[in-house]
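This briefing goes through one structure by topic. Please look at the sequence and the 3D view before reading the points below.

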Protein chains: 2
Amino acid sequence: MHPEFETYLRRSDLSEEAVRKISDLAVARKLRRNELLLSAGEICRHKVFVVSGLLHTFNISAGGTQHILQFAPENSWTLDVESYDRQIPSQVSIGAVEPSTILCWQKKDFDMLLAEVPQLKKFAEGLIARNIHYSRKRILISLSATPEEKYEDFIQTFPDYLARLPLRMIAAYLGISIKTLTRIRHAQLQR
Amino acid sequence: MHPEFETYLRRSDLSEEAVRKISDLAVARKLRRNELLLSAGEICRHKVFVVSGLLHTFNISAGGTQHILQFAPENSWTLDVESYDRQIPSQVSIGAVEPSTILCWQKKDFDMLLAEVPQLKKFAEGLIARNIHYSRKRILISLSATPEEKYEDFIQTFPDYLARLPLRMIAAYLGISIKTLTRIRHAQLQR
DNA sequence: TGAAATTATGGTCAGCTGACCATCTTTAGC
DNA sequence: GCTAAAGATGGTCAGCTGACCATAATTTCA
């Protein structure tokens, strides 16, 4: 039904039965470039898996500046976790950076799957742990690193994003201005 | 055995049997002011509950500047999550800001409790969700807020910390210099 | 393919921020 | 209670950073 997703799940040691059960409840959807999956103010009602393409979770501040909380490339998950968990309006938007294909589960269906498929529960816990570890790292970097160190860490951590994202989005993710990012890159060229 | 902790657990609807089972495996410990519970480089081997006092999780960067990831007041939990989960050396230290009393569980004991006490598992999941929501908020603020907005948000979110913490620690938590924090406070006095 | 939009870079400048140092106040701990 | 340490504030200054504007290159999509 959703072959790429099923391959992804099987790699994580889920049984064929579990894979089928999960996959059967997913609904596929395509997003055009710049199309929004979730707008700030709406309630996030779906768990989302990215089959192909690239999404980003962002917020536009009062002055109109964009700030990016997360990128979600193929074979990753995304949603606004607070809005999804509590079913309250989201503070952020989720949109497609590239044309993308995604799978969506209704919250009630996914909750049911988590309750009935222990392997999925275990798998989800692993994702959550990774998420927590990475958030900690990001907070520590935002506290301690210079703009140049932030950029260096970014291209080390996500080597392929440099070619897929406009620089202004990298700046919006790092919390520095595009001008500062350009200056860093210019300085690095001199070396 | 540990009355304050047991009261805390009971408030979260854990059965008396569960409370007893969890409490029985805890070992109490006292920390003097500035005493370290975990030093960077060590492996975090315990789950820790703060009965009284105040701990902080921090990192000292190359230049000698302190950066604070988290405060843990009475009735909260703390540990270095990545070091604990993977049993690898920690990048951060945990120390007592105030003289404190804590409870410690060995990782293997707590893992056993999580497996055998479903109510505890559920409870822990709630804590994890709160942690994730707050981390997201903190990342968004670090990306988008001015130093003054960060300070305002801090005293809104943690009203009582202002009286318990030296300002330099608040600055170290917000990722701004003590000088900038002083300037903000000075400016606010003028109004 | 071609026109419009987006993107990247550079110049300039104001001003915020942090580093360093000194002073005064408060707190800790014996 | 007393002494030493820690903390908070202020002055000064260099320089990093972002805002604004212009230009050139690239990409999108009709």
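Predicted model: local features only at pLDDT ≥ 70, side-chain atom pairs only at ≥ 80, totals over all residues.

What rotation superposes chain B on chain A? The rotation is 180°, with 0.0 Å of shift along its axis and an RMSD of 0.0 Å. That is the relation of a two-fold axis.

**How the copies meet**

- Of the interface residues of chain B, 100% are also interface residues in chain A, so the copies meet through the same surface.

**Helix 8 and helix 9 of chain B**

- Helix 8 of chain B spans residues 167-174 and helix 9 of chain B spans residues 178-190; their axes come within 9 Å and cross at roughly 110°.
- Angles of 65 to 115 degrees count as roughly perpendicular, so helix 8 of chain B is roughly perpendicular to helix 9 of chain B.
- On the helix 8 side of this contact are B:L167, B:R168, B:I170 and B:A171, and on the helix 9 side are B:I178, B:L181 and B:R185.
- By class, the residues of this contact are 5 nonpolar, no polar and 2 charged.

**Around DNA strand C**

- DNA strand C is surrounded by 15 residues, and the closest are A:L167, A:K179, B:S177, B:T180 and B:R183.
- Of the atoms of DNA strand C that come within 4 Å of the protein, 64% belong to sugar and phosphate.
- Base nitrogens of DNA strand C are approached by side chains: a polar atom of A:K179 lies 2.8 Å from one, and an N or O atom of B:R183 is 2.6 Å from one.
- B:S177 has a polar side-chain atom 2.7 Å from a phosphate oxygen of DNA strand C.

**Around DNA strand D**

- DNA strand D is also surrounded by 15 residues, and the closest are A:S177, A:T180, A:R183, B:L167 and B:K179.
- Sugar and phosphate make up 63% of the atoms of DNA strand D that come within 4 Å of the protein.
- A polar backbone atom of B:L167 is 2.7 Å from a phosphate oxygen of DNA strand D.
- Helix 9 of chain B supplies the largest share of the surface near DNA strand D, 5 residues.
- By class, that surface divides into 5 nonpolar, 4 polar and 6 charged residues.

Technical notes. Residues numbered from 1 in each chain as written. Chains lettered and ligands numbered in written order. Heavy atoms only, no water. Least-squares fit on C-alpha atoms with pLDDT ≥ 70 in both. Contact = heavy atoms within 4.5 Å. Axes fitted to C-alpha atoms, helices over the stretch in contact; angles between N-to-C directions. Helix = DSSP H or I, 4+ residues; strand = E, 2+ residues; numbered from the N terminus. Parallel < 35°, antiparallel > 145°, perpendicular 65-115°, else oblique. Nonpolar A, V, L, I, M, F, W, Y, C, P; charged D, E, K, R; others polar. Near = heavy atom within 4 Å. Polar contact = N/O pair within 3.5 Å; in protein donor to acceptor, adjacent residues only side chain to side chain.
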